[in-house]
Amino acid sequence: MNDVMNLGKLNECEVVAGHQGMNRVVKHISVIEVPEVAKWLKGNELLLTTLYSIRNDEEGQISLIQKLNASGVSGLAIKPSQLPDIPQSIIDSANELNFPIIKIPVEIKYLDILTPVMNRLVNDKIILQEDVTQATSLLEEVLLNNRGIVVFKENLKAIIKNPISIESELLSDQLLDGHRIEPLSEEQIFELILIKRPLKLKRKIKGETVPCIVAPVILEGEYFGNISSWIDGTSDLSMDIAILERAVTLLSIEFLKIKAKIEVEHQYENDFVRELLYSENINRKNIVEWGSHFRISNYSISTCLILSVRNTENNETDHSMLKDINIYNKLKSLTPEILLGYSGKGLTIIVTASNKRRAEDAEVFKEYYKIIKNNIDAKYNLIMGAGRPEKGIKGIQTSFEQAEMAMLLSEKIDKKDEYQIYSYNELGAYLLLDTLKTSKELDTFYYNILGNLLETDKNHELLNTLKEYFNHDESLKVTADYLFIHVNTLKYRMKKVEKITNQDLNTSEGKLNLNLALKIFDMKKFSNHLE
């Protein structure tokens, strides 16, 4: 600032506040007339203004000084053409912060200050441009020689001479130098997407809030990560920003390659999963090629998991969020050999292990559940259905059907913990019925008990009443309250059920027959769903 005051008509201006901050560096000069501009600044600016928009707003004037100082602005030159003089509130606030305030005489034009200062800054930038070009060439060479993002990061760190972190959902390992970094907030990411260039932000690292320059990686208009330079008081921000702008362009190209590679791998893996689950004559070549990678053979033990999300507000499913690359990377990071596939029924995970115990590890399943739950919208309910460990390729299809049955019949299971994970082994009587599903005797029993009721009860009013009666442990009052009907109405309906089915609800046999028949009804709905 002291050097700048000797340029052009600035030598006729007066420093009226913040004298102790006159050692600040000036790298940009600009005119501002709106207080909101503070958030878009690079830092190290000398700003010229009339304060016209806040001439009568003392609180806004103080706030502006505080924001400009926090943004790293070098000083504010005020031409009080619309004011009697520079307000005392500004001078007091600036003195507290050691933030330079310069008074521009009314007769001096902005151009008399802008032109000489900009000429000086341009001359300085010629040297800066040579340094940036040299740094860019080095980073370009790293990527062109396929030396990877880790080497790219280390070279960038050496050039900028500040710690560097690279974060992206495209990367299975975030490059954070071993430090715990709090992720960017949604507001910060939105701001980066809007500006599309490096911004000075405050972030938490190792629990401490520190300043950094964050350069966004934008691919096809979508945010995919960032490079952050963790600065200190001696950092050359203009140099850092210039190099980061070049670095992020190079990294964007590298991320595009990674994204394309991931998409191809995902599609290939997804096609293989669909073939495993649905094909009756699975391609032997695919089994040899992919099976060895994912430890799948006719002798391996596999368990299928199905995950579905449902909107708690309108009860509609939306499985698109399960395709998030972040979810894929985190699941693979936990268990690299699992297979992931997507369908209209949700996300399928095939866990293959050398023995049954490892293929049905409930704690690992909970980890999968937590990863996905933490990466979907909070208004969605996550449900996981788990099949049994089964042997071989056909066993995968069997386990998948079991997982689907467990998920679809989950409402029949009383689950009280935080994990909505439903196992086929928890289905109780449904397990027995599932083993008999192709038996003619099962169909005969079902139609003998419920056949007449299904024919006469077209809207399933009596059937649903009977279901809720058993769901509420045969309590007339609780069932009636749940159905919003009078107890006498419930008694009347139950008598009709007894008469149509010829089953006595006052006997153990009558209750057992009707309860089993209802479970078979659920099983048949499940079979129709599969078809």
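Student: How do H4 and H6 pack, at what angle and how far apart?
Tutor: The angle is about 180°, and the axes are 12 Å apart. Axes are lines fitted to C-alpha atoms, for helices over the stretch in contact; angles run from 0 to 180 degrees between N-to-C directions. H4 and H6 are therefore roughly antiparallel (over 145 degrees).

Student: What am I looking at, anyway?
Tutor: A predicted model, with local features needing pLDDT of at least 70, side-chain atom pairs pLDDT 80 or more, and totals using all residues. Numbering starts from 1 along each chain, and side-chain values use heavy atoms, without hydrogens or water.

Student: Which residues make the contact of H4 with H6?
Tutor: H4 brings Ile149, Phe152, Leu156, Ile159 and Ile160. From H6 come Asp240, Ile243, Leu244, Ala247, Leu250, Leu251, Glu254, Phe255 and Ile258. Contact means heavy atoms within 4.5 Å.

Student: And the largest nonpolar core: which residues touch the most other members?
Tutor: Phe152, Leu156, Ile166, Ile227, Leu251 and Phe255, out of 33 residues. A core joins buried Ala, Val, Leu, Ile, Met, Phe, Trp, Tyr and Cys through side-chain atoms within 4.5 Å. Buried means under 20% relative accessible area with a 1.4 Å probe, protein chains only.

Student: Which elements give two or more residues to this core?
Tutor: Helices H3 (111-144), H4 (148-160) and H6 (237-278), plus strands S6 (164-167), S8 (208-219) and S9 (222-230). H6 gives the most, with 12 residues. A second, separate core has 26 residues, including Leu307, Leu347, Tyr369 and Ala386.

Student: New topic. In what order do the strands of the five-stranded open sheet run?
Tutor: S1-S5-S4-S3-S2, with mixed pairing. Paired strands share at least two DSSP bridges.

Student: Which strands stand at the edges?
Tutor: S1 (14-17) and S2 (28-31). Each has a single partner strand, so one side of each lacks a neighbour in the sheet. On average, neighbouring strands are turned by 25° against each other, direction ignored.

Student: How many bridges join S1 to S5?
Tutor: Three, and S1 runs antiparallel to S5 (101-103).

Student: How many helices and strands does the protein have?
Tutor: The protein has 17 helices and 15 strands. These are DSSP runs: helices H or I, at least four residues; strands E, at least two.

Student: What share of the 531 residues is buried?
Tutor: Buried residues make up 50%. As for contacts with a separation of 6 or more, residues 24 or more positions apart account for 66%.

Terms used. Angles under 35 degrees count as roughly parallel, over 145 as roughly antiparallel, 65 to 115 as roughly perpendicular and the rest as oblique.
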